[in-house]
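Q: Hi! I'd like to walk through this protein with you. Could you bring it up?

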Amino acid sequence: MNRAMLPGPVVSAGRGVIRGYGMSTAALRPGPDFLLIGAKRGGSTSLYYTLLEHPRIMPLFPNARLLPKANHTKGVHYFDSHYDRGATWYRSHFPASARRSGKVVGEGSPYYLFHPLAAERAGRDVPDAKILLILRDPIERAFSHYRERRRQSAEELATFEEALLAENDRLAGERERIVSEPGYRSYAHEQQSYRAQGEYAPHLRRWMEHFPAERFHVLAAEEFYADPQKAVDGVAEFLGLPPAPLPPSAVKVWNAAPSQELSPHTRQSLAEHYAPFNEDLEKLLGRTFPWTRP
């Protein structure tokens, strides 16, 4: 079915009917087996859709075949932006238990890692979920994030350096307001936190306050792209699934920003900024990452 040929009201009505059905049957729909919590622009979209190639990892409800849409839904953004919609709405996105025999299902919302309340909410509401995280060189992640905003005409500052200089002022008070005002959504905190979202260690440590360490599986984006089969086999083992061969077409790099060389000064400045965070991350996880190796 070609979505482009359908009137907008028809598409919206269809979505409403399916979501209403999901909510009316929410009691029959267990929550997520896993959460893919980030990082934004870190490879989470590529990883999620590659995982769906495993025969025992299910997509969210509704399956893309039930709607005129090209791809399965990846993330619900419940624990960050839509928590006020309630647990019934959240569970409406998951397949019914009768369809999940021997299979697992999860969602991938990359703002979860950075959002100040997402970890606490998830720990309270889905304490048995396993946590997946894919991390990218924080310098490359920050620049990719900026380039994405520019491509979407959502960033007015013409250079990455200007955006980095403006970041502290843009984020001033936003975290505190998210915490203190239920339902408040901050565009600046989610979309203009180019440098801050790559300070991985404190964000991950916040999640580890609500889930035990053995419930986490952390991948490096660079290693995932270098050997997708090995990476997906590792995730499958973590989820209690057998390995399964990926089709040759399985790995697609989603949301890749056009390459543009950073100035040596900007790169060096960011490297110095991230150095203590990278060191903390490696101590926290007991492993090294490709971007920290000489």
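Q: Thanks. Where is the place of Ser109?
A: Ser109 is in the loop between strand E3 (104–108) and helix H4 (118–125). Helices (H or I, at least four residues) and strands (E, at least two) are DSSP runs, numbered from the N terminus. This is a predicted model, where local features need pLDDT of at least 70 and side-chain atom pairs count only at pLDDT 80 or more, while totals for chains, interfaces and linings use all residues. Residues are numbered from 1 along each chain as its sequence is written, and side-chain values use heavy atoms, with hydrogens and water left out.

Q: Okay. Is Ser109 buried or exposed?
A: Ser109 is buried, as its relative accessible area is 0%. Buried means under 20% relative accessible area, exposed over 50%, and partly exposed in between (1.4 Å probe, protein chains only).

Q: What is Ser109 in contact with?
A: Leaving aside neighbours within four places in sequence, Ser109 is in contact with Leu36, Ile37, Gly38, Gly75, Val76, His77 and Asp80. Contact here means heavy atoms within 4.5 Å.

Q: Which residues have the most contacts inside the largest nonpolar core?
A: Those are Leu35, Phe79, Tyr90, Leu135 and Trp207, in a core of 56 residues. A nonpolar core is a set of buried Ala, Val, Leu, Ile, Met, Phe, Trp, Tyr and Cys residues joined through side-chain atoms within 4.5 Å. Another core, of 13 residues, lies apart from the largest one, and Phe143, Ala163, Leu270 and Tyr274 are among its members.

Q: Switching to helix H11, which of its residues are buried?
A: In H11 (residues 228–238), they are Pro228, Ala231, Val232, Val235, Ala236 and Phe238. Seen down the helix axis, these buried residues fall within an arc of 160 degrees, so they line one face of H11. The arc is that of the directions from the helix axis to the C-beta atoms.

Q: What does the face turned away from that buried side carry?
A: That face of H11 carries the exposed residues Lys230 and Glu237.

Q: And what covers the buried residues of H11?
A: The cover includes helix H2 (44–51), strand E4 (130–135), strand E5 (216–220) and helix H10 (221–226).

Q: Now the aromatics: how many pairs does the count come to?
A: There are 18 aromatic pairs. Rings of Phe, Tyr and Trp (its six-membered ring) pair if their centres lie within 6.5 Å; planes under 30 degrees apart count as stacked, over 60 as edge-to-face and the rest as tilted. One of the pairs is Tyr21 with Phe61, which is tilted at 6.2 Å centre to centre and 55 degrees between the planes. Tyr21 is in helix H1 (residues 8–24) and Phe61 in the loop between strand E2 (57–58) and helix H3 (86–91), 40 residues apart.

Q: Why do you call the Trp207 and Phe211 pair stacked?
A: Their ring centres are 5.8 Å apart and their planes are at 20 degrees, so the pair is stacked. Trp207 counts as buried at 0% relative accessibility, and Phe211 is buried at 2%.

Q: Last one: which ring does the charged end of Arg29 sit over?
A: It's the ring of Phe61, with the charged end of Arg29 4.2 Å from the ring centre. A charge sits over a ring if NZ of Lys or CZ of Arg is within 6 Å of the ring centre and within 35 degrees of the ring normal.
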